[in-house]
Structure formats: C-alpha cells, structure tokens
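Here is a friendly tour of a protein model, with an eye on geometry. Please load the coordinates and follow along.

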Amino acid sequence: MADPAMSVTPYWELAFDADGDPEGRRRDRLLAGVTERGVRDLIVFAHGWNTDRSGATRLYDRFFAPVPRLAPAARIGYAGVLWPAMRFSDEPIPDFPRAVAAEPPRRPVLDKDTRHALLETFPGRAILVDQIARLLEQQPPEEAELEEFGRLVRTLVEVVAPGPQALFAADTVAEGVPQSEPGMFAESSAAACEEFARALAELEAPGARQGFRIPNPWDGAHELLRQATYYAMKRRAGTVGERGLGRVVGQLAKAAPGVRVHLVGHSFGARLVSFALRGLPEGVRTVKSLTLLQGAFSHYAFAARLPHDARAGGVLQGQQNRVDGPVVCCHSRHDAALGTMYPLASRMAGDSRSVAGLDMGRTLGAKWGAMGYGGVRAVPGTRAYTLAEALEAKLPASGCVNVDAAAVVRRGGPPAGAHSDILHAELARLVLAAGRVR
C-alpha cells in the first residue's frame, strides 16, 4: 500500500501488528528511502489511541506541518508509526476541532463505532462484545450483574497465549514480585464500577456535593471497560515498541548509520517509543532525542528506585542512557485523563483501593501518577522548564528534562481534559530543539 499524500516530504509509514511484527514492505521502503532522499534527521512519531490509519496520518500531517519552516535548511525525513490501538468514540481526536468531535453519549452504551473498534482491537471476541453491550444497555440493578460485567471485560482483554504481550504490562518492577492481573478484576468489579462512577461525577462537577445524587455504577462500568481496554493497549504499546520499533531503528542504524533518529510519542505512543529503547541492538547510538507528549505511563518508569519501595524500580530504568541526547517529557496540569482517571485505574491495578475524593492537587504527587501529568519522577539530575524557557534555553545534551506545556496543552472537556491538545507549533519546535535539528 502506498503511503498517503502529506504536507511534508519525504514521509514513510511503519506498520506493526499487536505482537510487534512489522509490515515488511513499508519497513524496507523506509530503510532504502532515507539514503536515497539524503535524509540527515528522521522524526518518528507514534500515535496514542487512534483507531485507524486515517486518524493517525491526519495527526502526523498536522503535527509535522510547521517543521519545514522552523528548520528550512535541515534535511528532515518523517515517519509515522501505525499500531493496533483503539479510541472510544466519545474521546476527542487530536486533529479534529471540538465542534466535529463526537459528543459523549447520554447513557453508558456502546455505539456502533466503539463496537467496531472493540471488534477490530480484539478479533474473534464478537460474542463477548455483544454481551458487554447488552449489559451496558440494560443496566440491571443487581450487584451480581456488575460482577458478571467485570468477568466479561476481563475475558475480553486477557492476553491470548502464547503471544509476548503479557511481558509488557508493568510500569514498575519489584525484585522477585511477578506481574499480576489488575486489582480491578481480581477484586470486586461492582466496587470498582462505583469508584469510577464517583470519579467521573467529580470530573463533571468539580467540588460539587455528591450526597444528593448517588452516581450510577453503570457509568463506572463503562469506564471500567475503557480502562481495561487501555490496560490492553498499555501492554500492546510496550510490545510494539521493544519488539517492533526498537528493532527497526537498529536495522536503520545498520542500513544508514549517518541518520539521526528523533522519537516522538503521544499518550500510549509515548510508552511505545520509550520501550523502543529496550529493543535497540547493543551499541546503537543513533537515537538523538526522545520527546514524550502527554505520556500515559508511570512517572517512575525511568527510576532506578521508587521512593515508596527501595526494592523496586521503573521498568525502563536506565533506558534514558540509550538516547544520545535528552529525554524530554511534556506534561500539563490540564490533562484530566492523566490527572484523575489514570492514577485511579493504576491504583486499582495495584495495592491501594482507597481512591475516593481524589483531586488534582493530591493526584500530582500520587504514587501511581502519569508522566504526562507531573513529569518524570525519581530520576536524579532531571531538569525542569516551562515551555517558553525550554524554547529559549539550550536544552541539556543528555538526561531527563521535564517541560511544563500547560500554556498550550490546555483545551478539552471531561473526561479527558487537554490530553489530546498537542497540535501546536511550539511542541514541534520543542522536538527540533531536543534533537538540535537546524
């Protein structure tokens, strides 16, 4: 399949399946093309939870568009990563105006677009999707039905043996402690639905008294499905990054050793490009920058030791040293998806079930916080800038850098907040600054 027409050239696409296996023809076109086109700097972008190729390529086209005028003398090539993620239809799309984006449904039902996305993401599980949709539509009052809903969701997202994805779910790893299934499934699904429902009510009306209206647990059931799907995407992003993109970057280093690679990822795409560092062959030093836009993974991922558990470290500890340049983490306090729903789901996947009354201030310092909300944590030497400062200053030549991007990453309503508000020329400038592309 030919790569689409883009506003920037040369542009290539890299496509991977859920286990990280690449589409060979597209990979080979990139490996040969960078030399033929005289590329010096290759910017590789991985999307978050876009559900199809057209949505991803529109995102890349819009994000890359300012780059040629920002660095007119540079010999830049562009690559977009396509991987099998999904998006619920009530979530904002990064390159769509708010007026065009789908509005949240009035009831927690699965519309046809979301059903289609689930079927595409979890092939062969149509019966499960139908059963889940039926329960969301009927909303039976019995607690046993919420427990049955949880069982169905757990079955939907479980890893199909013998694939490699089970190895890529963790963000932090304790010595001798195996990775287990999320607590939201191991414990009461009804209780998890109730907690999600309370958190959603707080997002819809921050600070409002909830005592006069008990949130509908089926609102929380819809969120349980969403978060379980994200848990599956989390596994998949790590798999595609390490087993897919990391290996291709290694092949590129062999085919075109003079090409400087700049990895960029949004949301779970940030997780994907970070895990690509683990997949680099030994000795490869062609990755010159890593820019994480609203990264949907633990702020402790690069930490050697966790502040609350000296036995444990981040799953990517030390991997920042595989970058021959800086690791730049953009974060925003306006990102409600990462500020509230991400730590809620992460805590429910761990050992803390007491999450009622979460607010933004407390979440910022939470044990289970997201990188795209509060930046990289527990990595000595990490520098911190506002976006304006980062664009004016000369960024460090190596190590982790937190950039507060709240000045531009700020638009969006509940439940996601500003999570997808990344199409700004300032962020494209930041990518160039991180890689010292001139």
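Rings of Phe, Tyr and Trp (its six-membered ring) pair if their centres lie within 6.5 Å; planes under 30 degrees apart count as stacked, over 60 as edge-to-face and the rest as tilted. With that rule, a search of the whole structure turns up 8 aromatic pairs. A word on the source: this is a predicted model, in which local features need pLDDT of at least 70 and side-chain atom pairs count only at pLDDT 80 or more, while totals for chains, interfaces and linings use all residues. Residues are numbered from 1 along each chain as its sequence is written, and side-chain values use heavy atoms, with hydrogens and water left out.

**Aromatic pairs**

A pair of aromatic rings is described by the distance of the centres and the angle of the planes. Two of the pairs are set out here.

| Pair | Centre to centre | Angle between planes | Class |
|---|---|---|---|
| Phe-63 and Phe-64 | 6.4 Å | 75° | edge-to-face |
| Phe-149 and Trp-218 | 5.6 Å | 80° | edge-to-face |

Buried means under 20% relative accessible area, exposed over 50%, and partly exposed in between (1.4 Å probe, protein chains only). Phe-63 is buried at 4%, and Phe-64 is buried at 1%. Both belong to one aromatic cluster, made up of Phe-45, Tyr-60, Phe-63, Phe-64 and Tyr-78.

The pair of Phe-149 and Trp-218 has one ring in helix α6 and the other in helix α9 (residues 217-255), so it ties together parts that are 69 residues apart in sequence. Phe-149 is buried, with a relative accessibility of 0%, and Trp-218 is buried too, at 3%.

Helices (H or I, at least four residues) and strands (E, at least two) are DSSP runs, numbered from the N terminus. The protein has 15 helices and 10 strands. Axes are lines fitted to C-alpha atoms, for helices over the stretch in contact, and angles run from 0 to 180 degrees between N-to-C directions. Angles under 35 degrees count as roughly parallel, over 145 as roughly antiparallel, 65 to 115 as roughly perpendicular and the rest as oblique.

How do α5 and α6 cross, and at what angle? The axes of α5 (residues 126-138) and α6 (residues 143-157) come within 10 Å and cross at roughly 150°, which makes α5 roughly antiparallel to α6. Contact here means heavy atoms within 4.5 Å. From α5, the contact residues are Leu-128, Val-129, Gln-131, Ile-132, Leu-135 and Leu-136, and from α6 they are Glu-145, Glu-148, Phe-149, Leu-152, Val-153, Thr-155 and Leu-156. Ala, Val, Leu, Ile, Met, Phe, Trp, Tyr, Cys and Pro count as nonpolar, Asp, Glu, Lys and Arg as charged, and the others, Gly among them, as polar. On that basis the contact of α5 with α6 has 9 nonpolar, 2 polar and 2 charged residues.

Helix α6 also meets helix α8 (residues 189-204): their axes come within 7 Å and cross at roughly 90°, and the two helices are therefore roughly perpendicular. Glu-143, Leu-146, Glu-147 and Gly-150 of α6 touch Ser-189, Ala-190 and Cys-193 of α8 in this contact. By class, it holds 3 nonpolar, 2 polar and 2 charged residues.

**Backbone exceptions**

Most residues other than glycine have a negative phi, and most peptide bonds are trans. Ser-267, in the loop between β5 (260-266) and α10, has a positive phi of about 60° and is buried at 0%. Gln-294 sits in the loop between β6 and β7 (312-314); its phi is positive as well, near 50°, and Gln-294 is buried at 1%. The peptide bond from Thr-9 to Pro-10 is cis, with omega near -10°, and Pro-10 lies in the segment before β1 (11-15).

**Two buried sites and the whole**

His-331, in strand β8 (residues 326-331), is buried at 13%. Leaving aside residues up to four places away in sequence, His-331 touches residues including Gln-294, Tyr-373, Asn-402 and Asp-404.

Leu-277 lies in the loop between α10 (268-276) and β6 (287-293) and is buried at 0%. Its C-alpha is 9.3 Å from that of Arg-247, 30 residues apart in sequence.

Across the protein, 58% of the 438 residues count as buried. Residues 24 or more positions apart account for 77% of the contacts with a separation of 6 or more.
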